[in-house]
Structure formats: structure tokens, C-alpha cells
Amino acid sequence: MSVVHRLTAGWLLDHLSFINQCGYEICDSFAYTGDVTISTSVSSTNDHPTSTFATTSSSDGPGDAVETEGKTARTRYVFREEFFHISNAHIAAAPEEQLLQGSPDLSFTEMKAISRKRKRKCAFNQGELDALEYHAKIRKFIWEGTLHLVQEGLKSGFLHRAAAAPSCGKNVVPGRIDCGLAELCEMAKQFPAVNDGDHQAVNVLDDETTIPEHDLLSCVTENNSNCAKIVVLMGQKYLVPPKSSFLLSDISCLQPLLNYKKKYDVIVIDPPWENKSVKRSNRYSYLSSWQIKQIPVSALAAPDCLVVTWVTNRQKHLRFVKDELYPHWSVKTLAEWHWVKITRYGEFVLPLDSFHKKPYEVLILGRVQGNIKEALRKSEDLLPVPEHKIIVSIPCSLHSHKPPLTAVLAEFIKPDVECLELFARNLQPGWTSWGNEVLKFQHIDYFTLLQNKN
């Protein structure tokens with residue numbers, strides 16, 4: 001399970017374990033004699049990439065399977081551990097501020113004094129004052145909850161005790177992979193329009209399917225099998241977990257998701273919020289508040305749907321979600337949770353009172369308001385969503401690879417419900433995922449071939 005420890009304050013998660021429990025096992029059946037390698041993918045070279053999207057059970061490169069007559073090959077992949085080797089805090093905290101030595105109590109006035117000393121000797125603007133006031137309100141809950149969960153993690157051996165206090169330094173970060181998925185979605189806008197009535201709503205992956213890119217970008221793709229599939233897109237290989245579905249598209253091309261005709265009981269949203277660092281780095285495109293409001297959540301949500309939105313620590317965005325976005329979607333705000341990022345030694349990845357960046361992110365939870373009788377019927381056996389919880393985990397070094405919420409939300413939703421993630425960058429069994437980089441962290445180079453089994 002991805003939940004290592006559960007306490008009143010929240011959960012300590014093992015993100016890596018969750019990924020590897022998704023079932024990245026490729027199954028091949030063979031009816032050939034002798035040593036053969038079977039590939040149902042469309043081959044390509046670096047100079048001449050294929051213009052098709054292919055599924056394969058084995059192919060050239062890592063994970064090739066060689067079998068004999070009548071046997072089934074099982075090739076297993078695991079996510080590379082080094083992406084979770086976060087041993088050092090990104091910025092060293094003073095010894096008295098470290099989690100195991102610090103104090104949960106710090107007043108708003110003390111916060112301003114610390115921040116002014118570190119930042120500059122001039123007046124704060126209103127946004128900075130709002131951020132400090134918010135941090136002062138939640139600081140004690142985050143500090144104490146994280147401390148208790150870290151102590152449990154140290155006792156069980158999930159977290160490690162450092163011989164000396166962790167120092168500030170660079171964590172080993174393997175190279176990122178540029179897949180060009182967002183650019184492909186942008187290009188797809190130039191494709192001729194397809195008549196919805198004449199076009200299929202879903203592509204089902206099987207062992208001998210070749211899907212043109214135009215179809216891939218114009219309908220939902222499903223893997224209904226109990227094994228993972230390898231798909232090849234623009235010469236790049238991606239692992240698709242069992243019982244998962246996805247749509248790769250730009251936000252302007254959401255109609256295929258609506259054509260899928262599913263209503264979702266859980267919708268998790270991770271919008272690309274506008275901020276100064278994104279503008280400066282040009283790392284990924286962002287959406288304005290107006291654009292985020294246009295996401296058709298009402299058309300996708302089942303009655304009493306649980307909506308979870310990831311929000312940056314800017315108070316402007318938090319207020320927007322609670323006061324504008326959720327009311328626009330007929331969602332009632334229920335709770336405000338926090339994801340707290342720690343190192344392998346149980347220290348915050350950033351000082352808790354860092355002025356510029358915090359070691360936590362915010363999740364706003366709410367439920368769609370609709371038919372009262374239907375909502376009451378569906379919620380009879382469900383626990384109410386707690387107003388405050390924390391999710392503590394070692395973060396992935398890959399930018400914006402959020403921790404899984406499946407296990408922590410399980411007690412607040414019925415089993416076997418339909419789940420949807422919007423602006424996803426990875427896939428999960430039992431979920432439909434949409435985004436213009438929805439396969440990003442499924443790239444086969446992020447995984448290691450573990451073993452071949454007969």
C-alpha cells in the first residue's frame with residue numbers, strides 16, 4: 001500500500017511504492033517454436049519517426065522478451081528509485097528550525113520579523129502580508145502533524161536516521177526527458193475537424209492495434225486488460241498500466257472526454273496556475289483564472305462528486321478557488337488539506353518558514369451540490385471529509401509529479417467509483433486521465449526492467 005502510516009493528522013505516503021504496485025507487467029503469449037522475439041509495434045528510427053501510435057507487448061530495446069512455444073512471457077518494469085532519493089533539503093534550515101528540534105509556535109508578528117530579516121528592510125505588500133498571515137494560522141498544525149508522522153516513519157524504518165544533520169546540497173537528479181507531448185497537442189489543433197457522430201468515442205488497446213495519431217488525439221484510449229501495455233508515439237515508448245484510460249489533448253480539445261459519456265465520482269484537478277516564475281522560465285504554459293473556469297466540470301461530475309484541486313500557496317489562487325471557481329461549478333468547499341514534502345531523513349525539503357517557497361502545497365476539497373436526496377443516499381455510508389489533513393511524502397524529483405490520492409480518498413468515497421484526473425502527467429489503474437502531457441511520466445526511460453518471468 002502507498003499509505004505507510006495513518007494518524008489523526010493525516011498520512012505518510014510511499015509514492016514510489018504506489019507507482020510500482022500499479023502493475024507494470026507486460027504479458028506476451030507465443031505460438032512460435034524456437035527462440036523468437038515478437039513485436040507488434042510500428043518500428044521507427046530517430047531520422048524517420050513513425051506517424052502512428054502503436055501498442056506492443058515487446059519491442060526492440062529494454063524489456064525484450066524471448067520465449068518458446070506455448071509459454072507466456074511476463075516482463076516487469078519498476079519506476080527508477082533515484083527519482084525519489086531526496087536526501088538533502090533544497091535550502092538548509094538553521095538547526096533550531098529543523099523539524100525534530102524546532103517549535104510549532106510562531107506568531108504572525110514573529111513571522112514578519114523573520115521574513116523581513118531574510119528578505120529586505122521595507123514594507124510588505126498586501127499579498128505578502130496575506131501569505132504570512134495564512135502561514136501563521138496553519139503552521140502549528142503542519143509542524144506537529146508532520147513531526148508525529150515522521151517519528152512513526154523513523155520507528156518503522158521507512159525513513160532513515162542521518163548520522164549527522166542533513167546538509168543543504170544538490171540531490172542527484174537524473175536527466176529529464178523531453179517528449180514533445182504538449183507540442184504535439186498544439187499541432188493537433190490544425191487537424192481537420194471530425195464529425196462527432198461519425199467518430200468512435202474510445203480506442204481499446206490490444207496486442208495488435210495500430211492507431212493513427214489523429215485518432216489518438218481525438219478520442220479516449222483504454223487499456224482494459226490485466227497487464228500493462230507499451231505504446232509508441234512519435235518514436236517514444238510509454239507504459240500504460242492495466243485498467244486505465246487517457247486522453248492526450250489540448251484544453252481546447254476536450255470534446256472527446258465529453259463524448260466518452262462517463263460521469264465521475266472523483267475529479268482531481270492540477271491546473272497550471274499563472275505565476276511569475278512560470279512566466280520567467282517559460283517551462284510550461286499556464287492558464288488564466290478565466291480559462292480554468294471554462295473546464296466543464298459540471299458536465300463531467302456525477303451527483304455528489306468529490307472535487308479536489310491542487311493550488312499554489314498564493315492567496316490569490318486560494319481565494320479564487322473557494323470564492324469563484326467552486327461556486328461557478330456548483331461545488332461546496334469542504335476541506336483544505338496540505339501536502340508536506342520531506343527528505344528521506346524526515347526533514348522539510350525547504351525551511352518551514354522560508355519566505356519565498358514553502359515545503360507544502362494546498363489541496364481544496366469540495367462536493368458537487370445537486371439533488372439533495374441523491375446526495376444523501378450516496379453519502380449514507382461515507383465518512384465526512386475532515387476539514388484539515390496533511391499528506392506527508394518524499395517528493396519525486398521530476399517537476400510536478402504529485403503524490404497519489406487514491407488511498408487517502410478511499411474512506412471518503414464508495415469502492416469502484418469512476419475517477420478522473422485533469423491536467424494529469426501520469427496514469428493510474430482505475431482512473432481516466434486527461435492532459436496535454438498525460439503520458440509524460442509514463443515514458444519507458446523513467447522505468448527499469450526488473451526481470452523476465454515465465
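So, cavities: this predicted model holds 2 of them at 30 Å³ or more. By cavity I mean a set of points, on a 1 Å grid over the protein atoms alone, where a 1.4 Å probe fits but cannot get out. Points are joined across faces, edges and corners, and the volume is the space filled by probe spheres set on them.

The largest cavity takes up about 230 Å³. Its lining, meaning residues with an atom within 4 Å of a point, comes to 26 residues. Nearest the centre you'll find His401, Lys402, Glu421, Asn426 and Gln428. By type, the lining has 16 nonpolar, 6 polar and 4 charged residues; here Ala, Val, Leu, Ile, Met, Phe, Trp, Tyr, Cys and Pro are nonpolar, Asp, Glu, Lys and Arg charged, and the others, Gly among them, polar. Helix α1, residues 15-20, gives the most to that lining, with 3 residues.

Okay, on to the sheet. Helices (H or I, at least four residues) and strands (E, at least two) are DSSP runs, numbered from the N terminus, and two strands pair if DSSP finds at least two bridges between them. There are 12 strands in an open, mixed sheet, ordered β1-β2-β16-β14-β15-β13-β12-β17-β18-β11-β8-β6. At the edges sit β1 (3-7) and β6 (202-204), each pairing on one side only.

Let's zoom in on one pair. β14 (331-341) and β15 (360-368) run antiparallel, joined by 9 bridges. Val340, for instance, has Tyr360 in β15 as its bridge partner.

Housekeeping: residues are numbered from 1 along each chain as its sequence is written, and side-chain values use heavy atoms, without hydrogens or water. Local features need pLDDT of at least 70 and side-chain atom pairs 80 or more, while totals for chains, interfaces and linings use all residues.

Definitions and conventions. 1 Å grid on protein atoms, 1.4 Å probe; cavity = no way out; pocket = protein on both sides within 12 Å on 5 of 7 lines; lining within 4 Å.
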